[in-house]
Amino acid sequence: MKTILSAAISIALVLSATQAMAQEKKQLAFVVNAASDFWKLAEAGVTKAQGELPNYELQFKYPAQGTAALQNALMDDLVAAGTDAIMISSVDPKTSIDAFNRIAGQVPLFTTDSDAPDSNRIAYLGSSNTLAGVQAGEVAVKALPGGAKCMGFVGFLGADNAKERIAGFRQAVEGKGIELVDVRGDDVDFARARSNVDDVLAANPEINCMVGFYSYNPPKIYEALQAAGKLGQVTVIAFDEDPITLGAVKDGSFAGTVVQQPFEWGYQGMKLMAAYLEGDKSQIPADKLIIVPTKIIDKGNVEEFEANLKATLGK
């Protein structure tokens, strides 16, 4: 009987110690702006970081919908649950300053993908969206030496990443006979993203160039052009590495795409926050911007890029 009792006590002590260790682990969260396949690479980066940060519990969070209100509510829930630091891609930085500052007053807050520079966030880690927009403009200039009228498509018109990409594109094509006539937003509604392209094809026959500024926009452009029998007749400049986008670059349907490194955002972001919590602030530059470079992918390097992408995702 004593043996059984001793064994039970030992098991209870082990379980108690295990639970205590679990509770002692600091929690880091990566919060995205909407449910999109684009974020799978960032999630893979967080998974890799988890293997190197055994004393931390890493979380990857999608809001129920891509709205600033739900993003901010999700951060409140994370803080209430004991999360120690958060990295977020802001849906609408301009309307979220108060919410971001409230969170930043409780835990270290970092941004990625879409910055909130007017908030009290510690630093931004991600692409220079202005330079990415410039690269997209360079693709357009190379593909359209005779000039063009372009229509842009994007998710959140108010997000900094959208505004900066658009501004960078316009900067690169200025004086080249290429005009970005307008940009249509869809609030990450995929059906609306497609209908925006359909509407332009029906109402604006002068448009001979389209720019998809968010990862899912180029595939919707592809679908619409294919359905209208205009694939290859309208020059398309894309962003990110959706399989449909890469396939279109490979077969020449798209002029090119500008890719980011979301895997590094997830991986470096988690390591950065862990170091910061441990008192190491040496990685935070004076301007609070940690830029991960973007790259142009065209027909000449798309196959190599695809192979590297599959290796990163373990496919």
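The structure holds one cavity of 30 Å³ or more. By cavity I mean, on a 1 Å grid over the protein atoms alone, a set of points where a 1.4 Å probe fits but cannot get out. A pocket, by contrast, is an open set with protein on both sides within 12 Å along at least five of seven lines, and lining residues have an atom within 4 Å of a point. Grid points are joined across faces, edges and corners, and a volume is the space filled by probe spheres set on the points.

Please bear in mind that this is a predicted model, in which local features need pLDDT of at least 70 and side-chain atom pairs count only at pLDDT 80 or more, while totals for chains, interfaces and linings use all residues. Residues are numbered from 1 along each chain as its sequence is written, and side-chain values use heavy atoms, with hydrogens and water left out.

The largest pocket has a volume of about 530 Å³. It is lined by 21 residues, of which D37, F38, E241, D242 and P243 are the closest to its centre. Two or more lining residues come from each of α2 (40-52), α8 (217-228), α9 (243-251) and α11 (302-313). These helices (H or I, at least four residues), like the strands (E, at least two), are DSSP runs, numbered from the N terminus. Which element gives the most to the lining of the largest pocket? That element is α11, with four residues. The classes in this lining are 10 nonpolar, two polar and nine charged residues.

The second largest pocket contains about 340 Å³ of space. Among its 17 lining residues, Q260, Q261, F305, N308 and T312 lie nearest the centre. At least two residues each are supplied by α10 (262-277), β12 (295-297) and α11. Here, too, α11 gives the most, with five residues. By class, the lining of the second largest pocket divides into eight nonpolar, five polar and four charged residues.

Next, the interior. In soluble globular proteins, nonpolar side chains tend to be buried together. In this model the largest nonpolar core has 53 residues, and those with the most contacts inside it are L28, F30, W39, L58, F110, M210 and M270. Helix α10 gives the most to this core, with eight residues. A second, separate core of 29 residues includes V91, V139, L144 and I178. A nonpolar core is a set of buried Ala, Val, Leu, Ile, Met, Phe, Trp, Tyr and Cys residues joined through side-chain atoms within 4.5 Å. Buried means under 20% relative accessible area, exposed over 50%, and partly exposed in between (1.4 Å probe, protein chains only).

Two residues have backbone angles to note. V188, in the loop between β7 (178-185) and α7 (190-203), has a phi near 55°, a positive value in a residue other than glycine. K288, in the loop between α10 and β11 (289-291), likewise has a positive phi, near 60°. Is each of these residues buried or exposed? V188 is buried, with a relative accessible area of 18%, whereas K288 is partly exposed, at 38%.

I close with the disulfide. A disulfide is a covalent bond between the sulfur atoms of two cysteines; the criterion applied is a pair of cysteine sulfur atoms within 2.5 Å. A search of the whole structure finds one, and it joins C150 to C209, with an S to S distance of 2.2 Å. The link of C150 and C209 is right-handed, with 95° about the S-S bond. The pair links distant parts of the chain, 59 residues apart: C150 is in strand β6 (residues 148-154) and C209 in strand β8 (residues 209-212). Both C150 and C209 are buried.

How values were computed: Nonpolar A, V, L, I, M, F, W, Y, C, P; charged D, E, K, R; others polar.
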